[in-house]
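Hi,

Here is the structure I promised to pass on. Have a look at it first, and then read my notes below.

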Amino acid sequence: MRELTSPAGPARSVVRADGWCHASDVPSFVSPAIAPGSLSSTAQPVLSVGSVQLRPWTGDDASAVVAAYQEPAIQRWHARSMTTEEADEWITAAGAAWAAETGASWAIDHDGALAGRMTLTFHLADGFATAAYWIRAHARGRGIAPQALGMATDWVFSVGMHRVELEHSTMNAASCRVASKVGFDAEGTRRESVLHADGWHDMHVHAKIHDVQAPGP
Ligand SMILES: CC(C)(COP(=O)(O)OP(=O)(O)OC[C@H]1O[C@@H](n2cnc3c(N)ncnc32)[C@H](O)[C@@H]1OP(=O)(O)O)[C@@H](O)C(=O)NCCC(=O)NCCS
């Protein structure tokens with residue numbers, strides 16, 4: 001049977017093998033907020049303010065990551081533990097996410113020692129990122145999470161992102177305070193949207209919008 005073709009070539013199905021039609025497969029009226037390839041063409045940045053530095057993870061961090069996920073508060077709010085093999089995979093996945101432009105994950109060093117984790121998950125076409133973080137018990141209460149969130153947000157705004165959002169359980173007052181200190185406005189509550197070990201949690205949504213100043217007269 002003769003195959004029907006359009007003048008531009010064979011018609012391309014927009015239904016994938018998984019049975020779904022993905023929005024990215026059909027033409028859009030809107031250009032991507034950040035052009036594909038514009039981030040991964042450079043190395044993941046190292047960001048620092050004072051004694052706090054955000055840097056890409058290395059294989060040497062695996063044992064500290066395992067120790068972090070043994071801490072009760074990190075297990076509670078991130079709903080998992082981590083073996084050494086899982087930590088190795090987690091670190092490899094962080095590098096792969098940068099290469100694929102799906103996110104940036106940084107180790108947070110304070111005074112040269114691993115203090116925490118800051119991750120942005122990218123939605124480049126839509127111009128928004130979601131943030132997640134933890135700080136190890138010995139380093140909490142020193143403003144490290146707000147500094148790290150501020151640095152990551154300033155950087156991602158500088159490369160064209162429009163909005164950064166984060167969510168925390170309504171029971172996690174310390175995380176709510178971090179968001180407020182960095183100027184992430186509260187936008188509302190997603191009711192019973194995340195399942196933790198102790199049941200469903202309501203999640204507070206916070207976001208910060210890149211405030212592009214109009215050029216002066
Ligand atoms: C939440 C977390 C990232 C904060 O990091 P940090 O570097 O210690 O942040 P800060 O130094 O700014 O301290 C937290 C702020 O919350 C406040 N806070 C802490 N516990 C609080 C509580 N139970 N109720 C109200 N405020 C609280 C602190 O007083 C401080 O605010 P302040 O500077 O105005 O006094 C850290 O505690 C952590 O990693 N916790 C476990 C994992 C986690 O919750 N991850 C986030 C999941 S959304």
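Let's start with helix 5, where Ser175, Val178 and Ala179 are buried. Buried means that 20 or more other C-beta atoms lie within 10 Å of a residue's own; 12 or fewer makes it exposed, anything in between partly exposed, and the C-beta atoms are placed from the backbone. Helices (H or I, at least four residues) and strands (E, at least two) are DSSP runs, numbered from the N terminus. Seen down the axis of helix 5, the buried residues fall within an arc of 95°, so they line one face of the helix; the arc is that of the directions from the helix axis to the C-beta atoms.

A quick word on the source: this is a predicted model, where local features need pLDDT of at least 70 and side-chain atom pairs count only at pLDDT 80 or more, while totals for chains, interfaces and linings use all residues. Residues are numbered from 1 along each chain as its sequence is written.

Back to helix 5, which spans residues 173-181 and includes serine 180. Serine 180 counts as partly exposed because it has 13 C-beta neighbours inside 10 Å. Just after the helix, glycine 183 takes a positive phi of about 85°.

Cheers
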